[in-house]
Amino acid sequence: MVLLFYTIIGGLLVKIPNLPVLGETIRNLFFHVGMWAVMMTLFTCSVVQSIRYLSKMNIRYDIYAHNYASTGILFGLIGYATGALWMNYTWADPNAPSYSFSTVARDPKLIGTAIALLIYFAYFILRQSIPDIDKRAKISAVYNIFAFAMLFPTIMIIPRILPSLHPGQEGNPALNFKDVDSTMRLIEYPAFVGWTLLGVWIATLKIRINLIKEKHFIK
Amino acid sequence: MKKYLIYILNLLLIPFFANAQGVDNLLRSNGRIYVVIGVILIIFISIILYLIRIERKIDKLEKQNH
């Protein structure tokens, strides 16, 4: 029931981000920032399931945690790729060598998110390297909690301490009332909800496949 | 898996290929609206490819069951 509910609402809400609004590249706000919102939601779901696994020791929660994290990685990569394209046409200036692509790519926000994504890549490599199912579930659940503990410092706290070109230095980017006007906010929040539901829907699809695949191991 | 890795690499290389002159002029025209279109395309293509990958897994499962 809950899965179907997600499917229907997710499918309907995904269309919302296509609504046209004022501004030109600022429209990317609904897409690029939305990806990071999805990534953070999915990683949060993943860590909650990991904690549930450690308290209940049921392999089902390990499948939940693993698939939430892998879908989160997908959205993290899309967010990174879209950010690279957007940055190349806003921060980088072809006529000024001091603002070339290679200099703006050294921004602390970019390096921080790259570290966060690499920590999660390590999570999957760790999973693959342990053949025993119970041991794999246990170790990766513990690692997942530590990875989540590193996620917010690397993507939010450290970039705010250092000087950065990326907006959102003094608060939550795109969520405070100063830099986003009211018409855009009307689109922005439904867009975030829509993307998040799409992400959760894709994750639940993967979870269902894996639950069928591992039927024999689940109590 | 190898195909998937190549795809990820391609995604990360997009800004470097976009430096070609013609594409660059197009992306900078009309208030850089094509940057937004590029971003939407990246999201769309990535999600569709990911869903196709999931579908292949379902195919495998179906073959196992029958």
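View 1. Residues are numbered from 1 along each chain as its sequence is written, and chains are lettered from A and ligands numbered from 1 in the order in which they are written. The two axes come within 11 Å and cross at roughly 145 degrees; axes are lines fitted to C-alpha atoms, for helices over the stretch in contact, with angles from 0 to 180 degrees between N-to-C directions. On the α3(A) side, look for A:H66, A:A69, A:S70, A:I73, A:G76 and A:Y80. They meet A:T113, A:L117, A:Y120, A:Y123, A:F124 and A:R127 of α5(A), where contact means C-beta atoms, placed from the backbone, within 7 Å.

**View 2. Helix α5(A) has a buried face.** This helix covers residues 108–129, 22 residues in total, and spans 31 Å from its first C-alpha to its last, close to the 32 Å expected at 1.5 Å a residue. That expected span is 1.5 Å times one less than the number of residues. Buried positions in α5(A) are A:K109, A:G112, A:T113, A:A116, A:L117, A:Y120 and A:Y123. Viewed down the axis of α5(A), the buried residues fall within an arc of 130 degrees, so they line one face of the helix; the arc is that of the directions from the helix axis to the C-beta atoms. A residue is called buried if 20 or more other C-beta atoms lie within 10 Å of its own, exposed if 12 or fewer, and partly exposed in between, with C-beta atoms placed from the backbone. The buried residues of α5(A) pack against α3 (59–88) and α6 (133–161) of chain A. Turn to the other side of α5(A), and you find A:L118, A:A122, A:I125, A:Q128 and A:S129 exposed.

**View 3. Helix α3(A) is mostly covered.** Of its 30 residues, 26 are buried. From first C-alpha to last, α3(A) reaches 44 Å, close to the 44 Å expected at 1.5 Å a residue.

**View 4. A:M57 sits in the loop between α2 (28–56) and α3 of chain A.** Although A:M57 is not a glycine, its phi is positive, at about 55 degrees. Most residues other than glycine have a negative phi. A:M57 is partly exposed, because 14 other C-beta atoms lie within 10 Å.

**View 5. A:R52 belongs to helix α2 of chain A.** With 17 other C-beta atoms within 10 Å, A:R52 is partly exposed. A:R52 and A:I145 are 93 residues apart in sequence, and their C-alpha atoms are 11 Å apart in space.

**View 6. A:D132 lies in the loop between α5 and α6 of chain A.** A:D132 is exposed, because there are 9 other C-beta atoms within 10 Å.

**View 7. Chain A contains 7 helices and 0 strands.** Helices (H or I, at least four residues) and strands (E, at least two) are DSSP runs, numbered from the N terminus. Of the 219 residues of chain A, 39% are buried. Among contacts with a separation of 6 or more, 77% join residues 24 or more positions apart. The mean pLDDT of chain A is 77, with 69% of its residues at 70 or more; pLDDT is the predictor's confidence in each residue, from 0 to 100. Within chain A, confidence is lowest in helix α1 (residues 2–13), at a mean of 49, and highest in α5(A), at 90. Over residues 14–23 of chain A the pLDDT is below 50, and beyond near neighbours in sequence this stretch has 17 contacts in the model. Where pLDDT is low, the predicted coordinates should not be read in detail.

**View 8. Chain B contains 3 helices and 0 strands.** Its 66 residues include 12% that are buried. Chain B averages a pLDDT of 73, and 50% of its residues score at least 70. In chain B, confidence is lowest in helix α2 (residues 21–28), at a mean of 61, and highest in helix α3 (residues 33–65), at 85. The model as a whole scores ipTM 0.71 and pTM 0.76.

Methods
Predicted model: local features only at pLDDT ≥ 70, side-chain atom pairs only at ≥ 80, totals over all residues. Contact = placed C-beta atoms within 7 Å.
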